Amino acid sequence: MNGLYSHKHGGAPGSGMLDFSVNITPLSLPLEPLTLDLSSFARYPSIDGSALRGFYVERFGLEAERVLAMNGAVEGIYLIPRALGLRRVVVFAPSFHEYERASQIAGADVVKLPLLDEEGFACPSAERIAGAMADADALFVGNPNNPTGTMLEPESLMALARRFPDRWFIVDEAFIQYTEGFPDNSFMQHVGRFPNIVVVHSLTKFYALPGLRLGAVVAHPSVIGRLLDAKEPWTVNAVAELVAGRLTECRKWEDGVRTMIMTERRRMREAFEAIERVELRGGAANFFLARWHDGPLERLTDALALNAIHVRDSRNFDGLEGEWFRFAVRTPEENDRFLRVFGEMPA
């Protein structure tokens, strides 16, 4: 069964844990406390999340007709296969489980294209992807990919989109703002030229708002029209719209987050080069995939738990046979605490 609770996601099991299992910015937004007038809840929010769409227009320079506001990126992940009538979808393995589940719920078969450890879980070559696409109508991919933290080459994907104009290329950019190449490496700016590229974007991770559910689909206006035909109304609530309208005030904070993550990402990579029992993969975003080489993974996770630290056991991802775990890049002090556990573990 591929039900709602069949796949375990990240998240610490209890309070008081330092949670390295979720890939969310560890710094709070610099917004003044919200003042809510309860009488405002007696009115419906906008039917299509117009304030959230306005944020995308102002912050990323997008045209309004190319943005469809979502109750978190995951709403878009589930809407797209249904609205576009997908019947055979290619996904990378390992990748975010919801691509597979959303496609299957929409009635599509799923073809898994393995990412290979010996290649550092790099994106497959254009020819490998083209071979898988010959019998499919869509590719569903994360950029950067979760849990591997690896990137697509924009030119390679755009070449495939030209080669297969009747196939869909659905790109999840939940972590794109953490990457060094942003915004030039985002496909959000290319959907006008490529009607068959559909981008799903999230504000959950970078803006540390997982409880509020904010995201969007960015696509050619003709595709947005098809999605609107299948979308439920009023999925973005009034509180989410209020916060979205204030996120444009956070540009200085955004710069600080990106600087901190990039600095700490380099430092963490260098630190782990000296730890023989751990091997890192990826690192394009704000997390690393890692392989433990000193017995069962529980030896590590138990030691971390004794120090009130939780990481993401990644052994339930397809394609991760072995002692794999994923950890986020957090603040310097938290990363120091994380690294100290490895230094104190007996050989």
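Residues are called buried when their relative accessible area is under 20% and exposed when it is over 50%, with partly exposed residues in between. The legends below use these words throughout, and they describe a predicted model.

**View A. The two sides of helix 5.** Helix 5 spans residues 154–163, and its buried residues are P154, L157, M158, L160 and A161. Seen down the helix axis, these buried residues fall within an arc of 155°, so they line one face of helix 5. The face turned away from this buried side carries E155 and R162, which are exposed.

**View B. The crossing of helix 4 and helix 5.** The axes of helix 4 and helix 5 come within 10 Å and cross at roughly 35°, and the crossing in which helix 4 passes helix 5 is right-handed. On the side of helix 4, the contact is made by A126, E127, I129 and A130, while helix 5 contributes S156, L160 and R163. Of these, L160 is also listed among the buried residues of helix 5.

View C. Seven strands form an open sheet in the order 2-8-7-6-5-3-4, and their pairing is mixed. Strand 2 (67–70) and strand 4 (109–114) stand at the edges with a single partner strand each, so one side of each is left without a neighbour in the sheet. On average, and with direction ignored, neighbouring strands of this sheet are turned by 20° against each other. Within the sheet, strand 6 and strand 7 run parallel and are joined by four bridges; the bridge partner of D172 in strand 7 is V200. Helix 1 (residues 50–60) lies across strand 2, strand 7 and strand 8 (215–218), and runs at about 130° to strand 2.

**View D. N196 in the loop between strand 6 and strand 7.** N196 lies in the loop that leads between these two strands, and is buried because its relative accessible area is 6%. A polar atom of the N196 side chain lies 3.1 Å from the backbone oxygen of F164, and a polar atom of this side chain also lies 3.2 Å from the backbone oxygen of R167. When residues up to four places away in sequence are not counted, N196 touches A161, F164, P165, R167, W168 and F169; among these, A161 belongs to the buried residues of helix 5.

**View E. The surroundings of F41.** F41 is found in the loop between strand 1 (18–19) and helix 1, and is partly exposed, because its relative accessible area is 40%. Leaving aside neighbours within four places in sequence, F41 is in contact with L36, A238 and V239. From F41 to G322 the separation is 281 residues in sequence and 50 Å in space, C-alpha to C-alpha.

View F. Strand 9 and strand 10 (residues 287–292) run antiparallel and are joined by four bridges, and the bridge partner of V278 in strand 10 is W292.

Conventions
Residues are numbered from 1 along each chain as its sequence is written. This is a predicted model: local features need pLDDT of at least 70, side-chain atom pairs count only at pLDDT 80 or more; totals for chains, interfaces and linings use all residues. Side-chain values use heavy atoms; hydrogens and water are left out. Buried means under 20% relative accessible area, exposed over 50%, partly exposed in between (1.4 Å probe, protein chains only). The arc is that of the directions from the helix axis to the C-beta atoms. Two strands pair if DSSP finds at least two bridges between them. Axes are lines fitted to C-alpha atoms, for helices over the stretch in contact, and angles run from 0 to 180 degrees between N-to-C directions. Contact means heavy atoms within 4.5 Å. A polar contact is a pair of N or O atoms within 3.5 Å; within protein, one must be able to donate a hydrogen and the other to accept it, and residues adjacent in sequence count only if both atoms are side-chain atoms. A crossing is left-handed if the near helix is turned anticlockwise from the far one by less than a right angle, and right-handed if clockwise.
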